[in-house]
Every structure is written in structure tokens, then in C-alpha cells.
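Thank you for passing this along for comment. Please keep the sequence and the structure in view while reading.

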Amino acid sequence: MDENFRAPAVDGARLEELTRILQGYKAGKAHLERRVVAAENWWKLRNAAEESRESSLADGGFRSKSGWLHNVIVSKHADAMDAFPEPVILPREPDDEAEAAMLGSIIPVVMAQNRFEEVWSDALWQKLKTGTGVYKVVWDASRLHGLGDIAISEVDLLNLFWEPGAEDIQQSRYLFHTALEDNDLLEAQWPALRGKLRGGSFAATRFVYDDAVPTDGKSTVIDCYYKKWEEGRQVLHYVKYVGDTLLYSSENEGRPLYEHGLYPFVFDALFPVEGSPCGYGFVDLCKNAQTAIDLMDSAFIRNTMVGAMPRYFKRQDAGVNEEELLDLSKPLVAVDGNLGDDALKIIDFRPLSGNYIEYQRERIRELRETSGNTETSTGNIAQGVTAASAIAALQEASGKGSRDSTRGSYRAFAQVVSLVIELIRQFYGAPRRFRILGRTGAQDFVSYSNAGLQPQSLGIPGEEALARVPEFDVEVKAQKASSYTRLSQNELALQFYHLGFFDPAQAEQALLCLGMMDFDGREELIEKLSRLGSERERLLAFRELALALAGKYEPELAAGLAAGIPSGSGPRSVHSASAAPRLGGEKSKEGAQVRLARSHARAASQPEAAR
């Protein structure tokens, strides 16, 4: 045997070992899979199928399926979509400011090309329903006609398998992702599979779909990710196989899949659970109250039907024509012989007490309070609360749950952006063109490659091997503000104008006032006002110099110039605070505090920028 021959790191025996590990991982998450499938059934208002496993009460042929829990999830999803994220890339070194600015311009383009708003929405649906949304960030070599590009997608939690007990997905020894694909397409892409696809030994749990989804002629493709230390750093390797047939192994190829050494999956849990990267959702939290509401609804409707259609005890020899008795369209009912008082007897009906209805309302209130989807959060204010500040305080408190959930999604989004930066660092070797918006909002085309992200020498004499890798922090803020938030921002800008904030002569006082305020764009406004104040000081100095020179050489001209130049600046004298019209016409009667309170109430469900 050739001494230089090296057996492949991944062979048939290794594939059998990975499959055994995968089977163990699947057994470890069996309870999670049952809970996730049950939550999805609840979301589709199929909760009767779930309740039948826990209740022995006869439903009489009818089971109510109200939408209170459904409305909770829809409302929370709407709050999260109003706070759709936008990345802000911050450098850790002053030399990387230009690179951070460029990344901040092109990463939103990469996100848009992956239709990330749709991915964000799908992941949030899963997070709210089942408790966990999952993102996948990988390099797709088939994109752009073979040039390759970053691919971001939402992942079905049932197709992911990790080491039981791992609270952070990055702590798992292995990570498996499975997919069911057509045999003919697999054979066309991988000729080594021809004649070997006879069904696999592994099958992932699936949701109960409305359509009949056939599995004949399909096989399970298994992607296995694992970490290894190579040359003093942790890298990520990858194995792709079907059954006992190896399709690809990065370790056999002699190079890692990703140099960043992280699993390309990001978990976003709603309510975290110890010992698991997944959480539980609103279905798990509120299903008991929803069950009670549905059972009471069913009882109320049956009671109503009994009261609307009277029932009778009929003696066997009563001689009453039953068809005519039950046909309400016939005014006459035929009888044989004399009809005695005891021939027919109406069955006693007792309507439900109002206490039952009040109890149901309490369960509805419990569901809404437990989920945070109160009347205040949906815009309904209790009677007697009329002060704008009180309404804003109630809505601020009611939006805490939505803000907390969205901040958790922002943290997951920051991890997604970090993975995107690492993939750009590894794969963007050739320059690429991007269409971006410049600082003025004009469309611009730029060329970008990963040259600025590669290790850079520290410039220490005798230590040429020492180098640093540019690193960045990711800050997340809401990209889309509501129409009311934009209107409030515009009103604030007009109010600043009428109060003379933009008058260079009042720059010092305006900066002191802005320093105690907090609103979007405050830092940029402070920077511009500071620049205007500095320019005014220079202009005043030049004016004094010009007057001094004119007084020395042209006294008559200097006197005319001094009389024609006002002591203050123009805008302040024209638009003084006292002469300015009140903002908003008749609406200004409600006062600035009312407008501010309404603005705060509208933004109650949107978090501030987060890292």
C-alpha cells in the first residue's frame, strides 16, 4: 500500500456512527416535537383534536373553537412587524470606520435579496406559536450563476436535531439538519445515489398538513455539522449523506466548511426553558384558558338550542302525529281520539344563570392578562380614563411584553448579521457591485470585496506574524416606524423650528435643551447645531474684523455697514417664539403634553435600539 495513502476521515463506518447519534438526538427531543406539533394544531383551530386527549366530556356533536388565542398571536406578530430590524455596524477600531460604514450599506442589500422581511415574519410566527423561531445563514455556491452568495432562510424546528441538554446550540457536539427530497432529483444531482435509494432508516417528525403530502419516492437527506480544532482555531466541518451513501465531506476535502467555527443556525426563543435552546410559546401559556372558554361556549350554545326548540315527553299511545308536531310550518296537528293532559308533557328547560356568563368573561380576561394582549394594548381604554398621560402610561405598561419579545428577536437578528459578516469575510474574494442609498438618499452603485476584512499586520518591528482581524459590533434598531410615529417626528421638527432651535444665535441654549431630551435623530441634530454654532462664531469674528478694517480705512463706509448689519440672525427675528403661530392650528389646543403622550403610547410596543 502506498505510504502516502490516507484513509478518508468520513467513511461508511463513520456514517453509521453519525446516524446512531442522530437517532439518539431525535429521541431526546421527542417531547419537544409533540409540543410543537400540538401548538401548530391549536394555531389552525384544530384544538378539538388536542382537547379530546385530555377531556372525557362528551361534546354532543359540537365543539366551539373561538379565536381568542389566535388573536393574541396575531397581535404580537403585528407588534414585531412594526419593529422590523435594521442593522447598524459599529467598528471596534478607528481604522475600521470606513469598512463599518460600507458593511452598513451593503448588508441591508444582502438582506433584501434574501427577502428577509418574509423570513423574519415566518420565524416570528413559529416563535409565537411554538416558542422558537430558527434562522439559517449559509453560503449557497449555486447562486449568481456559480459565483455564490449568502442565503438566509427560516428553518422547520422539527428538522433540526442537537445534543440533549445543550442550552446553547453552539454547545452541541453535533448538529443535524434533515430534508425530504425526491429520489429522481437526488439521482440527477448525485449520480452515486443511482440504484441506492430504497427508503432511509431515519424519518423526521412532520406537522399535520391540510393537504395529503406523499412520501413515496422521497429520501431523507442528512446534513451533519460538527466543530474541530485546526491550527489553533475552531472551524466548522460538514457531512452530507443519504442512508449509507456519502455525498460530501469537507473534512475529506481537506478544508473546513466555515472558518468562523459556528453552527449556521440562530435560535430565537420566546419564553426560555432551562436545558434547551428552545422555549415555549403563547399556545403553551394560554391553552388552558382557551380550553375553558371553548367548553363554556359549547355549553352556552347547546343550552340556547334547547331553549329555542322545546322538547316533549310523549306517551306511546298518545295518538299524536309526530311529523306534524315537529313541523313548525303546519298550524294543525292531527291526533287520534281524545288528547289527554298527560299525552304530551314539555320537558322542563332552565336557562343558564348569569354567573356562568360572568365566569366565562373572567376566563377571557385571564387569557388576555396572561398573554399581555389586554384591551389597553389593542387601543381600548377603560371608561373614566381620559387624561392623555394616564392613557400613555397604561399603554406603556401594556406594551412591555411585546417590547421584551422583540428585543429577544433583535438579539437573534444581531447574531444573523454577525454570521453574514463572517461569510462576507470568507467568500467575498471577488469584487461585487451593490446598489445602495447614499447619505443624501440618492441612489449609488459601489464595488465591494472582503479585502478590508482580512487579517492586518500590527506593524510591530520583528513581529510581522502578529495581525489583527477587523471586528465589528452589531446594533439593531427599528427600520420602519409607524405613520403616526413619523407624523409625531415631523411635528417635533416644526416645533423646534418655531421655537428657534435652528437659529445659530441660540445654538448654545438649544444644545443644552437637546441634551436633556431623547428622540430618534437627536445625535445628528446635536452635531449639526454644533456645526452651525461654530460657523456663526467664525462669521461674527470675520464681521468684526471687516468693520475694524473698514473703520480704519473707510470710516463712512464702516458706519453704513454697522447700521445695516443686524445684531441677531435673520431666522430668529422673523420666526420668533412669541410671534410664531401655534403648531397644528386648532389641534394645538390639546397641548404639547397630549401630543407627546400619544406619541409615547403609539411606540409602547417597539423597543429601543439593542445590541
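This is a predicted model: local features need pLDDT of at least 70, side-chain atom pairs count only at pLDDT 80 or more; totals for chains, interfaces and linings use all residues.

1. In helix H1, which covers residues 12–28, glutamate 17 and arginine 14 stand three residues apart, a separation of about one helical turn, and their side chains form a salt bridge with an N to O distance of 3.1 Å. Glutamate 17 is partly exposed at a relative accessible area of 32%, whereas arginine 14, at 17%, is buried, because buried means under 20% relative accessible area.

2. Helix H13 (residues 400–427) holds both arginine 425 and glutamate 422, again three residues apart and about one turn of the helix, and here too the side chains meet in a salt bridge, at 3.1 Å from N to O. Arginine 425 is buried, its relative accessible area being 11%, while glutamate 422 counts as partly exposed with 22% relative accessibility.

3. Which parts of the chain does the salt bridge between aspartate 473 and arginine 92 link? The closest N and O atoms of this pair are 2.8 Å apart, and the pair links distant parts of the chain, since aspartate 473 belongs to strand E18 (residues 472–478) and arginine 92 to the loop between strand E1 (85–91) and helix H5 (97–113), 381 residues apart. Aspartate 473 is partly exposed, with 21% relative accessibility. Elsewhere, Lys26, Lys29 and Glu33 are joined in a network of salt bridges.

4. Turning to helix packing, the axes of helix H9 (residues 282–308) and helix H11 (residues 354–371) come within 10 Å of each other and cross at roughly 165°, which means that H9 runs roughly antiparallel to H11. The crossing of H9 and H11 is left-handed.

5. Phenylalanine 496, a residue of helix H14 (residues 483–498), is buried, with a relative accessible area of 5%.

6. Is tyrosine 553 buried or exposed? Tyrosine 553, which is found in helix H16 (residues 522–553), is exposed, with a relative accessible area of 56%. Together with Leu539, Phe542, Leu545 and Leu549, Tyr553 makes a nonpolar surface patch of about 580 Å².

How values were computed. Residues are numbered from 1 along each chain as its sequence is written. Side-chain values use heavy atoms; hydrogens and water are left out. Patches are made of residues with over 30% relative accessible area and no salt bridge: like charges are joined within 9 Å, nonpolar side chains (Val, Leu, Ile, Met, Phe, Trp, Tyr) within 5 Å. Accessible areas come from the Shrake-Rupley method with a 1.4 Å probe; for residues, only the protein chains shown count as cover. A salt bridge is a side-chain nitrogen of Lys or Arg within 4 Å of a carboxyl oxygen of Asp or Glu. Helices (H or I, at least four residues) and strands (E, at least two) are DSSP runs, numbered from the N terminus. Buried means under 20% relative accessible area, exposed over 50%, partly exposed in between (1.4 Å probe, protein chains only). Axes are lines fitted to C-alpha atoms, for helices over the stretch in contact, and angles run from 0 to 180 degrees between N-to-C directions. Angles under 35 degrees count as roughly parallel, over 145 as roughly antiparallel, 65 to 115 as roughly perpendicular and the rest as oblique. A crossing is left-handed if the near helix is turned anticlockwise from the far one by less than a right angle, and right-handed if clockwise.
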